[in-house]
Amino acid sequence: MDREMQRSAERRLTPEERQIRIQKLKRKRRFRLAIVITAFTLLICMIICPIVLFAAFRVRTFTVDGTSPYTQEEIIEASGIKLGKSLLFADTDEAAASIEKTLPYTKNVKITRKLPSGIIIRFEETSKAFAIRTANGFYALTNSDLKVLELAAQPHEGVALIEGAVPVIAEPGMKLSFLSDEKENDSVLSLLGTITGAIAESGMKDVNLINISSASDIYFIYQGRIVMKFGDSSELASKISLGQRVIGEENTIDPDQSGTINLTVPKKAYFSPSDPDDIKELVEFNGGEWNDESDEQANEEESTTNPESDE
């Protein structure tokens with residue numbers, strides 16, 4: 001019955017209405033065909049384009065821009081990017097990190113692509129700034145960012161020795177790492193970061209030793225003759241700058257004098273000149289305690305060897 005009604009309704013359509021209906025059906029068919037063609041084209045592009053790009057943009061040249069103790073070949077090899085590798089899919093961030101870790105004396109490594117086939121590696125050279133004794137008795141030599149550059153049997157001349165902490169990780173190419181336990185509300189790494197940042201900000205040179213045995217009693221030894229006591233790390237950069245001014249003034253009086261500068265109170269400084277043998281920190285730094293113990297041991301051995309000496 002329904003089909004008969006539908007057929008009768010179709011028979012009642014005028015020629016113009018039928019033409020309009022036919023045109024609508026044709027438009028729908030064309031639209032569906034366009035969707036199918038577009039989807040097929042996208043699918044082909046997704047398959048073909050990566051293959052074409054991979055084949056066309058391959059690494060064929062390297063440009064190395066920077067000064068370091070390493071050769072260009074060593075730097076390229078450390079990046080992990082090989083000749084013939086896809087230029088577009090090379091992980092430049094990972095390659096830069098690999099260079100800085102594998103070749104510790106590099107920093108600020110940046111790698112960019114130069115289409116169609118070039119890789120540009122730019123970097124800076126970093127230098128030794130600090131030394132810290134490790135658990136196995138070696139010294140980790142680090143840059144100003146506390147990245148380990150190498151391990152040595154003795155601290156090198158011109159670097160500041162850090163005392164009062166022992167790193168749990170001191171591997172060349174990696175940053176120093178300490179136990180997670182906090183020391184007087186300030187972690188060791190955070191404290192060292194504050195100190196090294198303050199030294200860099202003030203531009204201070206000739207620091208021989210940095211002692212952080214107590215986070216509330218930090219002190220430096222400057223030129224092996226002056227102890228700079230800072231208390232805690234608050235306002236450390238300004239304390240260091242003030243200490244440098246005091247040293248400059250005292251050097252006009254005697255450039256070789258020794259003593260202690262008390263900088264524990266912000267914006268105030270007190271200089272106490274003294275003989276280096278009377279300053280405990282300088283005696284320890286210069287090995288005075290070891291010598292004292294050696295003398296005592298020698299005296300004990302002499303007493304043992306000559307028991308009649310006491311009589």
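Predicted model: local features only at pLDDT ≥ 70, side-chain atom pairs only at ≥ 80, totals over all residues.
## A buried asparagine

Asn 211 is part of strand β8. With a relative accessibility of 7%, Asn 211 counts as buried, because the cut-off for that label is under 20%. Setting aside neighbours within four places in sequence, you will find Asn 211 in contact with Glu 163, Asp 217, Ile 218 and Tyr 219.

## The largest pocket

Next, have a look at the largest pocket, which holds about 780 Å³ of space. Its lining is made up of 32 residues, and the closest to the pocket centre are Ala 129, Val 159, Ala 160, Leu 161 and Val 207.

Several elements each supply at least two residues of this lining: the strands β7 (160-163), β8 (207-211) and β9 (218-222), along with the helices α5 (188-202) and α7 (280-285). Sorted by class, the lining has 15 nonpolar residues, nine charged ones and eight polar ones.

Helix α4 spans residues 92-102, and its buried residues are Thr 92, Ala 95, Ala 96 and Ile 99. Viewed down the helix axis, these buried residues fall within an arc of 100 degrees, so they line one face of α4. Their cover includes α3 (72-79), β2 (106-114) and β3 (118-125).

At the start of the helix, a side-chain oxygen of Asp 91 comes to within 3.3 Å of the backbone nitrogen of Asp 93.

Technical notes
Residues numbered from 1 in each chain as written. Heavy atoms only, no water. 1 Å grid on protein atoms, 1.4 Å probe; cavity = no way out; pocket = protein on both sides within 12 Å on 5 of 7 lines; lining within 4 Å. Points joined across faces, edges and corners; volume = space filled by probe spheres on them. Helix = DSSP H or I, 4+ residues; strand = E, 2+ residues; numbered from the N terminus. Nonpolar A, V, L, I, M, F, W, Y, C, P; charged D, E, K, R; others polar. Buried < 20%, exposed > 50% of the residue type's maximum accessible area, 1.4 Å probe, protein only. Arc of directions from axis to C-beta. Contact = heavy atoms within 4.5 Å. Polar contact = N/O pair within 3.5 Å; in protein donor to acceptor, adjacent residues only side chain to side chain.
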